[in-house]
Amino acid sequence: MTTTKEPATTGPATTAERPRTRAGRHLHGGRIAHAVLIVFTLGSLFPLVWTAIAASRNNTRLAQTPPPFWFGGNLFKNLEIAWTDANMGTALLNTTVVAGSVAAGTVLFSTLAGFAFAKLRFRFKNLLMLLVIGTMMVPPQLGVVPLYMLIAELSWTDRLQSVILPTLVSAFGVFFMRQYLSEALPTELIEAARVDGASSWRVVWHVVFPAARPAMAVLGMLTFVMAWNDFFWPIIALTQNGSPTVQVALTGLGRGYIPDQSVIMAGALLGTLPLLIAFVVFGRQIVGGIMQGAVKG
């Protein structure tokens with residue numbers, strides 16, 4: 001009589017199989033997680049929704065108590081008034097040029113400087129990096145007077161280059177890219193490119209830029225939003241009747257004995273829509289770049 005024995009399973013084999021069965025499972029949030037996400041989503045959307053509601057009403061209704069909590073019928077009328085009075089078409093074009101130029105310049109120069117501080121060897125590297133970080137502690141208001149004197153000497157007042165050139169490089173961008181490239185870019189990869197005969201610019205183009213792409217996407221997004229919403233320096237360097245940005249153009253809507261709050265809200269809504277469209281169109285690429293930088297191979 002023959003008996004068949006079942007193959008014995010050892011302890012390590014069973015423990016090695018458990019992670020395989022768990023690795024493919026999807027994580028599902030509970031009710032509390034969904035409730036928290038809903039609350040935060042509604043809280044984030046409330047300012048935008050309220051701006052649209054206020055833009056669809058008139059000044060008299062906004063002054064009443066309680067304030068309106070639903071849309072009215074004056075939205076397109078107020079948008080037309082804001083578009084005409086604030087010269088919003090020119091302001092949107094100028095802001096797109098300014099924000100795009102500042103974002104592109106900051107990403108390019110910050111990546112080059114960050115690569116130099118992270119991987120290259122030169123004298124006083126640490127001291128220069130400390131000086132770059134130290135500039136972040138200086139309030140920007142302290143440099144307004146000498147900067148305006150320089151722009152007036154160059155005859156750049158009320159021109160877009162007066163807003164673009166002073167902000168093409170940021171200390172935060174250099175520090176951010178330096179920290180990212182220190183971890184994400186292996187030194188062996190650079191040395192291998194050098195051995196193959198690649199020049200410094202070829203190393204930057206074919207090695208540094210591909211490795212820094214996720215961080216460059218994040219830095220570009222943050223810089224574009226900050227440049228779009230910047231008000232302090234543009235209101236000094238530009239005028240509402242010359243070459244205004246969106247934030248400068250919106251100041252023209254608040255003038256008068258009784259400012260029309262509904263028209264001001266309509267102008268703010270016009271100035272916010274391009275950012276929302278950009279996030280809807282490029283949101284997946286931005287999140288994909290962030291996730292690509294977060295996943296380690």
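**Stop one: helix 4**

Select helix 4 (residues 75-85) and colour Asn-78, Leu-79 and Ala-82, which are buried, meaning under 20% relative accessible area, against over 50% for exposed and partly exposed in between, with a 1.4 Å probe and protein chains only. These three residues span an arc of only 100 degrees around the axis and therefore lie on the same side of helix 4; the arc is that of the directions from the helix axis to the C-beta atoms. An α-helix has 3.6 residues a turn, so residues three or four places apart point the same way. Next, colour Phe-76, Lys-77, Glu-80 and Thr-84, which are exposed on the other side of helix 4. Asn-87, which follows helix 4, has a positive phi, near 50 degrees.

This is a predicted model, in which local features need pLDDT of at least 70 and side-chain atom pairs count only at pLDDT 80 or more, while totals for chains, interfaces and linings use all residues. Residues are numbered from 1 along each chain as its sequence is written, and side-chain values use heavy atoms, with hydrogens and water left out. Helices are DSSP runs (H or I, at least four residues), numbered from the N terminus.

**Stop two: Thr-106**

Move to helix 5 (residues 88-119) and select Thr-106. Is Thr-106 buried or exposed? With a relative accessible area of 2%, Thr-106 is buried. Residues up to four places away in sequence aside, Thr-106 touches Thr-111, Thr-167, Leu-168, Val-169, Ser-170, Leu-219 and Thr-223, where contact means heavy atoms within 4.5 Å.

**Stop three: helices 6 and 9**

Display helix 6 (residues 125-135) with helix 9 (residues 171-184): their axes come within 8 Å and cross at roughly 130 degrees. Axes are lines fitted to C-alpha atoms, for helices over the stretch in contact, with angles from 0 to 180 degrees between N-to-C directions. Helix 6 and helix 9 are therefore oblique to each other, the class left after under 35 degrees (roughly parallel), over 145 (roughly antiparallel) and 65 to 115 (roughly perpendicular). At the contact, show Met-129, Val-132, Ile-133 and Thr-135 of helix 6, which meet Ala-171, Val-174, Phe-175 and Arg-178 of helix 9.

**Stop four: helices 10 and 11**

Finally, select helix 10 (residues 187-195) and helix 11 (residues 200-229), which pack at an angle of about 130 degrees with axes 10 Å apart. Helix 10 and helix 11 are therefore oblique to each other. Leu-189, Ile-190, Ala-193 and Arg-194 in helix 10 meet Ser-200, Val-203 and Val-207 in helix 11.

Methods: Helix = DSSP H or I, 4+ residues; strand = E, 2+ residues; numbered from the N terminus.
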